[in-house]
Amino acid sequence: MRQLHDPHQRDFASDNYAGAHPEILAALAQANGGHQPAYGEDTYTAHLQQVMKEHFGPATETFPVFNGTGANVTALTSLLPRWGAVITAKSAHINVDENGAPERISGLKLLPIETSDGKLTPDLIDQEAWGWGDEHRAQPLAVSITNSTELGTLYTVEEIRAIAEHAHSNGMVLHLDGARLSNAAAALDAPFRDFTTDVGVDIVSFGGTKNGMLYGEAIVVLDPTASEGLLFLRKLSMQLASKMRFVSAQFLALLTGDLYLRSARHANAMAARLRSSLEQADLPGLEFTHATQANAVFAVLPPGAADELRQQFRFYDWNPAIGEVRWMTSFDTTEQDVDTFVEAITATLKKR
């Protein structure tokens, strides 16, 4: 097959645009060849269980799946009865970007809360944490947070601890959407366990695709008493890979050493470079809307500027009503990529 794309093209639309990290591809090649038992009975998936225990704690149970939506929906399904509801930020991926899958596939109710920065707090949670025992109201039985958030912001260790304690004191469990958990670990300069298991998170959707994997995520159960039936729900939710060794091998390459941190730190650093370069340029009509704490930059551009820039670089509108856009960096974004993008933004805005 001939190559159908320009391998030098770099965009700022999503870290999903990046290819697979070379070390991930090498791991897939090593896992190939010969026969291994299917559906997770392979040696790679068995070894992944131990690696995840080293990162998250000895009670950890890990269930590799295909994608982030599948991880979130299946994890939440394992936490809740049919009458359960999930309190989450309005900007959360489960509320905005999963096409109703939590409601339609699991039949659960989302209780979204408006936030200024994509982060919940105990006080915000209390807006929807009520009505237990009321047969007319879906029962708030879980809280879902994201770290790093969909707005590129970061929960601190203590903020997650406070949420977990508040949730548990009200009989709720805590799910963490970790599509960019490695970016959070890099930004916090902390092991995964410090801001998950040790502060009371019950279950994690662990992302690999956005950090250099070809495909694959994992449901990581931190408190086995909080989750039920994942062995069956994964298959029921169409998330059981027959050749699971190829998902697990990627996670092993990512997590056995420091590849997850190297890649995430680089992506975060490129976002910081983009933000600081634009701040120093002091461009007319450019305003930043959220803190840049991981690998995302949010900004407002003058009318028409985004479409002009998209003739060279792909990126997404976030809130078209105010001209807000999102720029994402990834493990393979280079300093030159950032500088070229900054030059294009500068040229576009200065001529307007």
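Arg310 is partly exposed, at 23% relative accessibility. The side chains of Arg310 and Asp317 form a salt bridge, meaning a side-chain nitrogen of Lys or Arg within 4 Å of a carboxyl oxygen of Asp or Glu.

This is a predicted model: local features need pLDDT of at least 70, side-chain atom pairs need pLDDT 80 or more, and totals for chains, interfaces and linings use all residues. Residues are numbered from 1 along each chain as its sequence is written, and side-chain values use heavy atoms, without hydrogens and water.

The structure holds 17 salt bridges. Three of them are listed here.

| Pair | N to O distance |
|---|---|
| Glu23 and Arg262 | 3.1 Å |
| Arg310 and Asp317 | 3.2 Å |
| Arg161 and Glu158 | 3.3 Å |

Glu23 lies in helix α1 (residues 22–31) and Arg262 in helix α11 (residues 259–281), so their bridge ties together parts 239 residues apart in sequence. Helices are DSSP runs of H or I with at least four residues, numbered from the N terminus. Arg161 and Glu158 sit three residues apart in helix α7 (residues 157–169), about one helical turn. Arg10, Asp332 and Asp337 are linked in a salt-bridge network.

Now the interior. A nonpolar core is a set of buried Ala, Val, Leu, Ile, Met, Phe, Trp, Tyr and Cys residues joined through side-chain atoms within 4.5 Å. The largest has 51 residues, and Val143 and Phe206 touch the most other members. Helix α10 (residues 245–255) gives the most to this core, with five residues. A second, separate core of 23 residues includes Phe12 and Phe341.

Note on methods: Buried means under 20% relative accessible area, exposed over 50%, partly exposed in between (1.4 Å probe, protein chains only). Helices (H or I, at least four residues) and strands (E, at least two) are DSSP runs, numbered from the N terminus.
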